[in-house]
Structures are given as structure tokens and as C-alpha cells.
Amino acid sequence: MYVDQYNQSRVDYGSGVREQIVTDLDYLMERGERQFRIQAWYTERKVTPQKSETRAKLQRILRETEDEAVVDVRLHTVFFYEKGGLTHREDSISKERLTVARDGDAWLIVDVERLEDECHPWNEPEGEFNEQDESHGSAPSVPLINHGVYAAGTHSRAGRYEREAAVQYADKWWDSGNPEFATFEVNCTNYISQCLFAGKAPIHYTGKRETGWWYKGYVNNREWWSYSWAVSNSFTRYLHTSTSGLRAELVERPEQLMLGDVIVYDWDGDGSFQHSTIVTAFDAGGMPLVNAHTVSSKHRYWDYRDSYAWNENTKYRFYHIPDYF
């Protein structure tokens with residue numbers, strides 16, 4: 001019933017709930033505000049929702065008694081909408097922790113907790129990585145990328161940006177992590193860096209985590225990578241200041257972007273960026289659709305006004321990756 005109501009609300013934002021099975025008031029208030037916003041958003045975009053299909057998977061049971069259970073569920077939603085005479089498909093995966101309690105002969109959902117939250121970024125960890133931290137000390141300053149990822153990662157890859165390859169990688173791994181790389185709790189920028197690397201963006205290895213753009217693999221049984229590889233704000237700063245190798249041009253409007261370009265998000269408008277996406281398609285109006293992790297999304301409309309993290313202060317930066325590095 002919970003999934004059925006979720007699908008109904010995705011397609012008809014003005015519909016009433018026939019039977020209320022969620023009693024979490026904070027969740028209901030937040031969902032109601034979001035649905036009101038999205039209804040206006042669709043009108044503005046000239047979009048007509050068509051149907052929503054959600055597959056729910058029980059991932060684990062944390063606690064279970066005769067009268068209460070706490071469970072983690074994975075919700076894979078396929079949402080179809082029409083714009084400009086074309087039907088678009090958007091995929092997303094959300095993970096929630098539900099607390100269900102017996103109410104006579106029925107059950108109610110008394111608490112809903114989102115396990116992945118786009119609003120909270122992963123900050124730069126403390127500590128600094130230098131060459132002397134390596135087990136062999138005198139290793140040259142070249143990236144020791146896992147050969148199972150790309151053998152070409154051990155030397156300069158200056159050349160053309162392969163946008164189609166970046167998009168293919170983004171579509172292949174949108175709903176899971178490539179096992180050749182570490183997967184972080186907040187994985188959005190790590191995923192975007194992998195996509196750019198798949199498009200032949202050259203590694204800039206410096207041996208210091210606060211500089212360059214690189215992923216080194218395991219060193220002394222730890223994963224080593226630059227902050228710019230995995231932290232959205234550091235990634236944004238690198239794109240904004242880099243003058244060679246991977247670099248980007250800041251453009252004014254989303255419609256100026258191409259496949260394989262990047263959008264970063266400052267939810268609170270305070271100058272610190274918390275989320276990163278990659279352009280993987282365009283809608284019938286020529287506006288970018290993006291892929292991302294945290295929450296895993298495929299061909300999602302670029303402005304994220306359907307996100308719980310979005311608010312009136314949200315700001316964006318649009319980065320065009322040049323055709324040649």
C-alpha cells in the first residue's frame with residue numbers, strides 16, 4: 001500500500017490519499033510541501049506525468065517483534081512523463097528505513113527515514129597524503145590506477161574528451177558502484193570522476209590529497225585519492241582553477257552544456273558545493289538530464305527541484321568540459 005500510494009502521488013500530485021498508513025507527521029509535512037512544489041514545477045516545464053512503477057526490495061530487518069518491525073527497503077522507481085510529444089523515462093533509487101507498528105488488525109508506518117540524503121556532503125577528511133606514506137617510499141609520481149579499470153591510466157592521456165564513453169559509463173554504473181573503485185557513503189563525486197576518467201580525462205597525480213585530480217588505489221591497505229576526486233566542493237574548485245589536463249569552462253545556462261558536461265549544486269547558496277552530476281541526455285526542450293549517485297538517478301531533470309535537498313537558495317554551476325585536454 002505504501003508503494004502504491006507513492007506511485008499515485010508521483011503521477012497525480014493533486015490526488016488525495018484514500019487511506020493514510022503513514023503517521024510520521026514530519027514526513028507527511030515534508031512530502032506535502034514537496035508535492036506542492038513539484039506540481040508547479042511540472043506546469044512550468046510543460047510536462048505531463050504518465051505513470052510511475054516502483055519495485056520495492058526488503059534489504060534487511062533490523063528489529064522485529066510481534067507488534068513492531070524496523071526494516072531497510074530499496075525503492076527503484078521508473079517514472080514516465082510526456083514533454084513536447086515525446087515520452088521520457090527517469091530512473092531513481094531511494095533507500096529508506098521504515099518503522100512499522102501494529103494497530104489492531106492492521107499495520108501503520110510510524111517513522112520514515114531516508115538513508116541517502118543529497119543535502120549532506122562528504123567533507124574533506126583530515127590528514128594529508130605524501131609520497132613518504134607509500135610502502136616503497138621512492139615510487140615515482142605516477143598514478144597507480146588499478147589495471148582492471150584502465151591500463152592507460154599509468155601514463156598521460158592528453159587528447160580528445162570521449163563524451164560518449166563518459167555517458168556510457170555513467171549509464172552502466174548509475175545504480176551501483178564499479179568494484180574496481182572504492183564506494184563512499186556519499187558517492188556522487190567519486191562516481192562523476194570515474195565517468196570523466198572513462199571519457200579519457202587525464203589524471204593529474206601530485207602525491208598530495210589537497211592538490212591535483214587522481215585516484216591511486218590501495219596504498220598500505222588504504223584507498224588513496226585526491227579530495228577533488230571524491231569531494232564535491234574540492235572537485236568544483238579544481239574544475240574552476242585548472243588550466244591543463246582536466247579543466248572546464250564555466251557557462252551561464254544549462255542549455256549551453258553538452259553530453260559529458262558537469263553540474264554542481266550549492267543547496268544553501270553559501271558558496272560551498274555539496275553535489276555533482278553529469279549530463280547524459282536532453283529532454284524534448286533541449287534541457288539537460290543528468291545521472292548521479294546519492295540518490296542514484298538516471299536521466300533526471302537537471303535542476304533537482306524534486307529533491308528534498310532543494311530550496312529557494314539553491315545555486316548551480318554549469319561546467320563545460322573542452323573537447324580536447
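Val 264 stands opposite Ser 276 in β9. That is my starting point today.

First, the ground rules. This is a predicted model, where local features need pLDDT of at least 70, side-chain atom pairs count only at pLDDT 80 or more, and totals for chains, interfaces and linings use all residues. Residues are numbered from 1 along each chain as its sequence is written, and side-chain values use heavy atoms, with hydrogens and water left out.

Now the strands. β9 covers residues 275-282. Strands here are DSSP runs of E, at least two residues; helices are runs of H or I, at least four; both are numbered from the N terminus. β8, residues 262-266, pairs with β9 in the antiparallel sense, over four bridges. Pairing requires that DSSP finds at least two bridges between two strands.

Next, β10, residues 288-292. β9 and β10 run antiparallel, joined by four bridges. Val 279 stands opposite Val 290 in β10. The β9-β10 hairpin has five residues between the strands. There, Gly 286 takes a positive phi near 80 degrees.

Is β9 mostly covered or mostly open? Mostly covered: seven of its eight residues are buried. Buried means under 20% relative accessible area, with a 1.4 Å probe and protein chains only.

Now the whole protein. It has six helices and 12 strands. Of its 325 residues, 51% are buried. Take contacts, meaning heavy atoms within 4.5 Å. Among those with a separation of 6 or more, 62% come from residues 24 or more positions apart.

Last, surface. The accessible area is about 15,600 Å², and carbon and sulfur atoms hold 48% of that. The method is Shrake-Rupley, with a 1.4 Å probe.

Definitions and conventions: Buried means under 20% relative accessible area, exposed over 50%, partly exposed in between (1.4 Å probe, protein chains only).
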